[in-house]
Amino acid sequence: MSTDTSTPNPSYAGSDFSGDTHRAATLAEAGRDYVNRLRGGDMGSLPAVLGLLTLFVVFGIASDTFLTKLNMANLTLQAASICVLAMALVPVLLLGEIDLSAGVASGTGAAVTALAILDHGQSWPVAVLAGIIAGAIIGFLIGTLVARLGIPSFVVTLSFFLALQGVMLWLIGQGGALRFNQEVLRGLAIKNVPPTVGWISAVVLFAAYAAFALLKYRRQVARDLARPPMSLVAIRIVAFGVIVLGLTWYFNGNRSVNPNFPIEGIPYMIPVVIVILLLMTFLLGRTTFGRHLYAVGGNAEAARRAGINVVFMRTMAFVLCSSLAAVAGILQASYSGSVSPASGGGNVLLYAVGAAVIGGTSLFGGRGKAINGVIGGLVLATVDNGLPLLIDKSYANFLVTGGVLLLAASVDAITRRRRSASGV
Amino acid sequence: MTEPLLELRGINKSFGVVHVLHDVDFAVYPGQVTALVGDNGAGKSTLVKVIAGIYGRDSGDYLFDGKPVHVHGPRDVSALGVEVVYQDLALCDNLDIVENMFLGRELKAGPVLDEVTMESKARETLASLSVRTVKSVRQQVASLSGGQRQTVAIAKSVLWNSKIVILDEPTAALGVAQTRQVLDLVRRLADRGLGVVLISHNMTDVFEVADRITALYLGRVAADVPASEVSHREIVELITAGHSETRGLTDSDTAAI
C-alpha cells in the first residue's frame, strides 16, 4: 500500500550490517579487540596494573628491604583495609554518587565492634555483626536522605563525616582509645594460615576457577553464543593459577629475620579480602541487584521506565557501602590493634576513593568493578610502603599520593571523553 | 477490513482550560502500520500518552480486541501488550544489547542471572526481525549508531510478545541509510502481525511504510484514510489547514476552537 512500490533493497539496508555472529575466533583477533577497546577508552584496570608493576620495579631497585617477604606481608596487611573500603565505595561510585563519610563510618563500625567485646562481653561474631549493622544503619540514613529527599550525596555524606566523628568521640571518650585485642579479630593481622591449609585452599580456589571458566565456555559453545577463543580461556586459567599458587608459595616460605622464630603462611587478612572480593564480584556481576545498579548508574530514567525502583537501588548502594566500610574498619583496627576517635578520619576516605578510581572505577558513574578497588588499594599501599624507604619525608608521601590520584582522575576523565567520541 | 486491535472512541482530554483532544477516534489494526501525523501542538503526544496510560482521559472509550478495558496506568497498558518506544529510547549506554533488552525483566537461574538464555533469546528476537546490524549482541549500547540504538529499542519492545508497538518519531535523528533500516524494521513488525503506530513528521517515511494515516489538526481527527487513497499534497493540507478539497474538517468544526 505504500507509495514506494519497490521492495526495500536488502543490500542497501544492510550497508552497515556485518553479521550478528561476529566473535573473536582466534587469540590474535581477541587481542585486536582488546587493543580497540583500549583505544576507545575502555582502559579498565590496565593503567593501575602497569603502575603497580612500575612501582615494584622502582622500589625494588632503590631499596634492599622493599622486596623482602616480611615487607611484602606487611604491605598486603596495610593494603587490606584500603582495598575493602575502596570496594565498599564501588556501588556508590557506580551510581555517580560519592560517600565522603565511608572512612569515619568504618571507624564507627570498628568502635561499635570493640565496645561490644570490651563493655558487653560479646563473642566476636556478634560484635562484628553489631559493627556491620551500625554501618548499615548509617548507610540507610544517608541513602534515604539522598534518594528520597534528593539532597546531593556530597552534602549529606559531608555532614555525616562531621557528625560521625562526634559519635565516635562520644562512644570512645575524649583522648581515649579502645584496645582491639580479641584473639580471632586481632589474629587476622598477626596470625597466618598454616601452610598446609593455605596450599589446600589455594588449590581448591584454582580448581573452582578453572571448573567455572570451562563450564561457562562449554555452555557458550553449546548454545553458540558470543565467547572468547579457547586459547584465551586457557591463558586466563593459567594466569589465575600462577598468581594464586605463586602467592601461596611465596607467603608459605619463612619470612622471619630471626632463624629461631620462623614466620610462615598467608596472613589471615588476605583470604578475608579475597572472600569479600568474590562476594562483591558475584553481587555486581551475576545478580539482578548488580545489573540494576549499573543500569541506574548508566541511565536512571531508562532504569525507572524499565520498572526498576531507583530510590530503593540508591538507598541500598549506600547501605552496602557503609556496611562494607564497617568491615574495612574492623580490618584496620585488627592491623593497628586499637580504635581511637581518629580512626577512619583524616585521609582514609580519600585514599579509598583514590584506590577505587586508580583501579579503574569511573567517578562519573556506570563503570567499575570490585577488583578495581583491590588493585587501586594495592597501588596506594605500595606508595605508602615503598616511598618512605626511598625518601623518609612525609611530605613526599602526600605529594606522590595526591599526584597519583590526580593522574587517575585525569585518565578517567580523558577516557570518558574518548569513549563518548568513539562510542566504545 | 479486520477488526481493530486497539480502538479509542470519542476521546476528550483537557488540561485545565486547554481542550487538547476533541472527540478523537483512533484505531490500530493488526498487521498494519498506522501513521499518526499532525503539526506541533496537534495533540499527537497527548494521544500517545493517553494510549500508554500515562494520562487519563476525560471521556471516551478504550477498547482492546473489541472489548472495553479499564486502563489506570502504564502497567495496565503493557499488560495488554502495548509497548511505546519513546524518542529518547531509554537505553543504558554502559550496558550491552542483551542487558538492555532484558532490563527490569531479567531471567534468572536460581539466584543468578541466566545470561545464556537471555543471550539466546535476544539473538533469536533480533534474527526474527532480520536485524544483522550489530557486530555482537554483547556490544555496549554506547558503541551503536543512532539507527542501531533505535533497532535495539524496537527489538526490546517486541521481545515480550507485544501486540502493538508505538514508535514516537523513530527516524527523527537518523541519516539516510539508518532511516532505511528502521523503516524496514517497522514494515517487518507489521508483517509479523503486530499493530504498529508510527508518529512522524516526515511524509516520505509515512507514505513509504504506512497502511493507514490518521491526521490530527488542533486536537481533532482531520482524516483517517488508507495511505493508498490520499496524496502527499492532501495530507500536508490536512495537517496544516485541517482540510483538503475532498476531505477534512469543515469550517464549522474548527470555528469552535
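Me: In which helix of chain A is Ala114(A) found?
Reply: This is a predicted model, where local features need pLDDT of at least 70, side-chain atom pairs count only at pLDDT 80 or more, and totals for chains, interfaces and linings use all residues. Residues are numbered from 1 along each chain as its sequence is written, while chains are lettered from A and ligands numbered from 1 in the order in which they are written. Helices (H or I, at least four residues) and strands (E, at least two) are DSSP runs, numbered from the N terminus. On that basis, Ala114(A) is found in helix H5 (residues 102-118) of chain A.

Me: Is Ala114(A) buried or exposed?
Reply: A residue is buried if 20 or more other C-beta atoms, placed from the backbone, lie within 10 Å of its own, exposed if 12 or fewer, and partly exposed in between. Ala114(A) has 27 other C-beta atoms within 10 Å, so Ala114(A) is buried.

Me: How many residues of H16(A) are buried?
Reply: Happy to look there too: helix H16 (residues 370-390) of chain A has 21 residues. H16(A) is largely enclosed by the rest of the structure, because the buried residues number 17 of the 21.

Technical notes. The expected span of a helix is 1.5 Å times one less than its number of residues.
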